[in-house]
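Here are my notes on this model, as numbered points. Please read them with the structure open.

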Amino acid sequence: MPTDEDAALPTVTAVIPARNEEHTIAAAIESLLDQAYEGSLDVVIAVAPSTDRTLEIVTEMAADTGRVTVVENAAGTTPAGLNAAIAAATGEVIVRCDAHAEIPD
């Protein structure tokens, strides 16, 4: 049950640029969704053109969780991906993460 103190916590959006990360992206996203943070936390992934299943994996996770948003990074560069993800972010605080990193809770 959220408390008045929880309402004061800022909303957080983690942004991830990703390309060809099928072996690590699911664990990276899960590590963010499993955070002990008591405020609202969501994830935006900007997927560059990939030759593997990265887009399929993140699209499935988005459909399953409701806390993951997928945006296109047609340019394929990290800066373009970050800009696309930040543009789609709704959090008061933006956290930049990597597609192959698992963040401790």
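1. Start with Val-44. This residue sits in strand β2, which spans residues 41-47. The model is a predicted one, so treat each value below as computed from it.

2. Is Val-44 buried or exposed? Val-44 is buried, with a relative accessibility of 0%. The cut-off for buried is under 20%, so Val-44 qualifies.

3. Ala-87 gives a distance to check. Along the chain, Val-44 and Ala-87 are 43 residues apart. Their C-alpha atoms are separated by 9.7 Å.

4. Now the charged pairs. How many salt bridges are there? The count is two. Side chains of opposite charge can pair when their charged atoms come close.

5. Arg-53 is partly exposed, at 41% relative accessible area. Glu-56 is partly exposed too, at 49%.

6. The side chains of Arg-96 and Asp-98 form another salt bridge. Here the N to O distance is 2.3 Å. Arg-96 has a relative accessible area of 43% and is partly exposed. Asp-98, at 32%, is also partly exposed.

Conventions
Residues are numbered from 1 along each chain as its sequence is written. This is a predicted model: local features need pLDDT of at least 70, side-chain atom pairs count only at pLDDT 80 or more; totals for chains, interfaces and linings use all residues. Side-chain values use heavy atoms; hydrogens and water are left out. A salt bridge is a side-chain nitrogen of Lys or Arg within 4 Å of a carboxyl oxygen of Asp or Glu. Buried means under 20% relative accessible area, exposed over 50%, partly exposed in between (1.4 Å probe, protein chains only). Helices (H or I, at least four residues) and strands (E, at least two) are DSSP runs, numbered from the N terminus.
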